[in-house]
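Student: Please show me the structure, and then let us work through it by question and answer.

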Amino acid sequence: MSSSSGTATRRPSQMFRNLNAKIASIPMILTALCVFLGGTVWTIVYSFTNSKLLPRLKFVGLDQYERLWSAPRWLTSIENLFVYGILSLIFSLVIGFLLAAMLDQKIRFEGVFRTIFLYPFALSFVVTGLTWQWILNPDFGVQHLVRSAGWESFTFNPLYDQQIVIYGILIAALWQGTGLIMCLMLAGLRGIDEDIWKAARVDGIPMWKTYLFIVIPMMRPVFITTLVIIASGIVRLYDLVVAQTSGGPGGASEVPAKYVYDYMFLAQNLGQGFAASTMMLLSVAIIVVPWAYLEFGGRKRG
Amino acid sequence: MKSFKLFLASASALAFSSMAGATDLEVTHWWTSGGEAAAVAEFAKAFEATGNKWIDGAIAGGGSTARPVMVSRITGGSPMGATQFNTGRQAEELVEAGLMRDFTDLAEKEHWKDVIRPASLLEGCTVDGKVYCVPVNIHSWQWLWLSNKAFEDAGVPVPTNWDEFVAAGPALEKAGKIPLAIGGQSWQTTGTFNVLIPAIAGKDVFLKVYQDHDAEVAAGPEIAKVFKAADDARRMSAKSNVQDWNQATNLVITGQAGGQIMGDWAQGEFQVAGQVAGEDYTCLPGLGVNELISTGGDSFYFPKLDDPDKTAAQEVLASTMLSPATQVSFNLKKGSVPVRGDVDVSAANDCMKKGLEILAKGDIIPDTNQLNTEDTNNQLNDLFVEFFKTPALTPEEAQKRYAAIIASAD
């Protein structure tokens, strides 16, 4: 920031270059500053107050944060987000890439398969959640189907078991989101020059090695875009949980975004909700800032 | 903001222009189960008889889903004509912020102070000597509803108190019944526990914990006994896998479950199903141990509006809701007790008569909504929904967390 403004004062012509474009982007800049930045600062400031139903500026220091980190429900939420986040990152990438690699083998009816895999993405999380709630319901869904086929002792009811409920949510999320990841990966694969494959074949490198050591490193930008999309999906996980379990059984599938909503609007305790959302922002910042520094800082140097 | 309000106003005016003449008043509430819908239709009928139009704003999903919608509409500048809240502290801050209409004049003109009983109901509506809401019914939580059929099938007599009920649990289970039905919504688990407190530990302990927020009592031996009873309830309800309270009531109605601890609004469901108190089902106020009832219920609040026609209609609605005829017809359908002591309730069934008797004797406690903020209630909900679904959470550990919540309550 300081270096660019320094440049501007030394060479004023820089500031007026592409003047029209700069004027045109003023509304968006203002929106970003007022709405996003302003809203964020406002939320952080009020997280240090004891605001209840309505915001009020009565500061109580770190009280809200102390209460937050001693609330068992918040700790469960963080743990769930952690498990869900890591697994959904790994499985989305692996399954998405494998599907894309398979579609890339110049198979027949590629368009049909692509559509089928991408189709769940057209559904909202709420619809996805309700559908999977039915599929995983022990009385009508998979368990019922297998039991009525003769395997009487078969048990598969992830949404009713506290230990594994988060995996039930993960299944639905993967079903919904992997199609998009596959498409992104497929686009990345199509961007690899055909000559690379020919050269690898001439050198007698097996296909899996070509993928692992040549193609994937070349797809780095695609992977980074994908990573950002998946990561943002993880942090805002909310509607899927509400539709599938509404946090149950017994609060075992609570997630941070739901904690924020519940305390802001159900419990009429804005301060607590703001403290929780500030913690969410902080966790995103811890991941995104070093990455952005490496990614964009590195490019400038190079 | 102003122009947006205007836009909203004109849009709604357009939408309902076909009913010009009568004033439309939108009323939001969360009464959506069979018995509740029948009761609210009585309000609508009475209000429309005054020449106005009742626009029904039912919000499905229970109070916890509806209240955020109501609050955000009021604070966001598009208030409805009238809205339900539970009698108590739910709308406290909205009143303090000056968003609600003051009905002191009407209250004095119609002598609400003299007709509404118990006095705590109107006190719940009063802030700084001014009346801000209309209590419409008295609901009590302290009821155990038992299915006579379930006990017959299990071959044991219908219990007369909580201990007998717990003792009958194994027999019910052997007959393939769920002994105790509790829905998955968190407020039901908290409600069950809050009913166990006065039944097991008595009224004084209840008041010490919730009125004085005495953390020592909450951590003490009396509440430990309550947690032991809650542990029994947890074991007996382990197999009930329904969500909504009326689904749980339905398990009792159909004889699939032995009983349910639920407020007297459950009575509306038994009535819609055509069941008769005493023959098909049994009700035990105070779980048959300590016969007392809480005097919670529902109140209607009226947000301040700019439109003079609607403001006038609000007044009409308020006095319609309290009129003797409406009080009787509404409360009979709802399963609740009228807030007026001067109306004829001879049409009431056995269970409601039991409630009226206890009320007349004065064995009453305030409702938790009148004592606790929503924040405290929500923390209790988090604790009890976890407790009832997690067998690994011991009563001792849960009590420690319970005492901490009570200590921080305001």
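This is a predicted model: local features need pLDDT of at least 70, side-chain atom pairs count only at pLDDT 80 or more; totals for chains, interfaces and linings use all residues.

Tutor: Residues are numbered from 1 along each chain as its sequence is written, chains are lettered from A and ligands numbered from 1 in the order in which they are written, and side-chain values use heavy atoms, with hydrogens and water left out.

Student: What area do chain A and chain B bury between them?

Tutor: The size of an interface is often given as the accessible area lost when the parts come together. Buried area is that loss, taken with a 1.4 Å probe and summed over both parts. Carbon and sulfur atoms hold 50% of it here, and the area that chain A and chain B bury between them is about 1800 Å².

Student: Which side chain of chain A meets D375(B) in a salt bridge?

Tutor: A salt bridge places a side-chain nitrogen of Lys or Arg within 4 Å of a carboxyl oxygen of Asp or Glu. The count between the two chains is three salt bridges. In one of them, the N to O distance is 3.4 Å, and the partner of D375(B) is K52(A).

Student: Why is strand β9 of chain B largely enclosed by the rest of the structure?

Tutor: Strands are DSSP runs of E with at least two residues, helices are runs of H or I with at least four, and both are numbered from the N terminus. Buried means under 20% relative accessible area with a 1.4 Å probe, protein chains only. Strand β9(B), residues 257-261, is largely enclosed because its buried residues number five of the five.

Student: Which strand runs antiparallel to β9(B)?

Tutor: Two strands pair if DSSP finds at least two bridges between them. Strand β8(B) joins β9(B) by two bridges and runs parallel, with I178(B) partnering A257(B). L144(B) stands opposite I261(B), and the antiparallel partner, joined by three bridges, is β7(B).

Student: Which residue just after α17(B) takes a positive phi?

Tutor: Helix α17(B) spans residues 324-334, and its buried residues include V328(B) and F330(B). Just after this helix, the residue with a positive phi of about 85° is G335(B).

Methods
Buried area is the accessible area (1.4 Å probe) that two parts lose on being put together, summed over both. Buried means under 20% relative accessible area, exposed over 50%, partly exposed in between (1.4 Å probe, protein chains only).
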